[in-house]
Amino acid sequence: MGSLSEKLMGKNVHDITALDVQSEVNRLSGEHSPKTVRNYHGFISAVLSVFYPSLKLYTTLPQKIKNEPYIPSGEDIRRIFECASGTEFEVPIMLACYGMRRSEICALQPEDIDGDVVHINKAMVQDENKEWVIKTTKTTASKRDIIVPVELADRIRHQGYVYKGHPNSITQFLERTERKLGIPDFSIHKLRHYFASKMSSLGVPEADIMRMGGWETDHVMKSVYRHSMMEKEEDAKREAAEKLRKALFN
């Protein structure tokens with residue numbers, strides 16, 4: 001625990017006060033993450049509980065930083081499509097934007113598509129020997145039908161396959177493209193979040209979005225809706241500000 005201050009470490013354990021501990025935590029908070037500060041505080045508390053059990057601590061610890069997932073914007077998607085156009089990754093990325101998982105995309109065959117209806121009932125996953133195999137979907141919710149543009153369905157039928165490459169190659173292509181375009185890093189899985197966010201912004205009911213995306217619970221949905229609602233609130237604020245501007249100056 002080398003980052004503890006000499007001031008605290010140099011004190012006799014029975015001279016340490018709750019205020020000293022709080023001051024140390026405040027100092028550490030300026031240098032470390034909330035998680036690390038909590039670990040330091042846990043160490044200090046453990047030592048004091050053994051050698052100075054009568055000392056009562058009422059330390060205010062820094063709040064944990066909640067990592068909000070980055071959901072790509074429509075502009076991000078448009079630029080990625082431009083880079084993927086004509087490559088083997090174009091179809092997988094388009095399907096991901098319609099709510100399909102990478103594992104489902106890699107297992108999909110042309111015969112799984114009727115007209116513009118895609119029947120999702122299997123996934124490509126690694127078995128206990130790290131070999132890629134096709135299995136039925138893990139949950140009942142994952143087995144579902146989705147609608148895709150006729151043009152996309154026709155393209156798959158015309159080429160005779162959906163995707164022939166290694167699953168990780170899709171991820172690697174997306175990572176390279178994001179670096180090339182200078183946009184925030186996000187995985188192909190976040191394209192499903194884009195799908196859910198976009199559906200929400202279009203007013204599609206939550207139950208329908210969950211069904212189309214194959215989600216069993218609304219845990220992910222709540223995170224996505226929070227993102228979507230923030231965008232809606234921002235738009236509403238701008239609209240209100242514009243109305244006020246016209247009322248004041250026109």
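Strand β2 presents a covered face, made up of V118 and I120, and an uncovered face, made up of V117 and H119. In a regular strand, side chains alternate between the two faces of the sheet. The model is a predicted one, in which local features need pLDDT of at least 70 and side-chain atom pairs count only at pLDDT 80 or more, while totals for chains, interfaces and linings use all residues. Residues are numbered from 1 along each chain as its sequence is written, and side-chain values use heavy atoms, with hydrogens and water left out.

The chain as a whole contains 11 helices and five strands. These elements are DSSP runs numbered from the N terminus, with helices (H or I) of at least four residues and strands (E) of at least two. Of the 250 residues of the chain, 37% count as buried; buried denotes under 20% relative accessible area, exposed over 50%, and partly exposed the range in between, with a 1.4 Å probe and protein chains only. Among the contacts in the chain with a separation of 6 or more, 63% come from residues 24 or more positions apart, a contact being heavy atoms within 4.5 Å.

Strand β2 belongs to an open sheet of three strands, in the order β1-β2-β5 and with antiparallel pairing. β1 and β5 (144-147) are at the edges, each with a single partner strand, so one side of each has no neighbour in the sheet. Two strands are taken to pair if DSSP finds at least two bridges between them. β1 and β2 (residues 117-120) run antiparallel and are joined by two bridges: I113 is opposite V118, and D114 is opposite V117. The two strands form a hairpin with two residues between them, and G115 in its turn has a positive phi of about 65 degrees. On the β5 side, four bridges join β2 to β5, again in the antiparallel sense. V118, which lies on the covered face of β2, has I146 as its bridge partner in β5.

D112 is buried, with a relative accessible area of 9%. Leaving aside residues up to four places away in sequence, D112 touches A107, V117, V118, H119 and K122.

A further hairpin is formed by β3 and β4, with five residues between them; in the turn, K130 has a positive phi of about 65 degrees. Strand β3 (residues 122-126) pairs with strand β4 (residues 132-136) in the antiparallel sense over five bridges. Within this pairing, A123 has K135 as its bridge partner in β4, and Q126 is opposite W132.

The helices may be considered through two packing contacts. Helix α2 (residues 18-29) and helix α3 (residues 34-51) pack at an angle of about 155 degrees, with axes 10 Å apart. Axes here are lines fitted to C-alpha atoms, for helices over the stretch in contact, and angles run from 0 to 180 degrees between N-to-C directions. α2 and α3 are therefore roughly antiparallel to each other; angles under 35 degrees count as roughly parallel, over 145 as roughly antiparallel, 65 to 115 as roughly perpendicular and the rest as oblique. Their crossing is right-handed, the near helix being turned clockwise from the far one by less than a right angle. V21, E24, V25, L28 and S29 in α2 meet V37, Y40, H41, I44 and L48 in α3. By class, this contact has seven nonpolar, two polar and one charged residues. In this division Ala, Val, Leu, Ile, Met, Phe, Trp, Tyr, Cys and Pro count as nonpolar, Asp, Glu, Lys and Arg as charged, and the others, Gly among them, as polar.

In the second contact, the axes of helix α4 (residues 74-84) and helix α8 (residues 167-181) come within 10 Å and cross at roughly 115 degrees. That angle makes α4 roughly perpendicular to α8. α4 passes α8 in a right-handed crossing. R79, I80, C83 and A84 in α4 meet F173, L174, T177, K180 and L181 in α8. The residues of this contact comprise six nonpolar, one polar and two charged.
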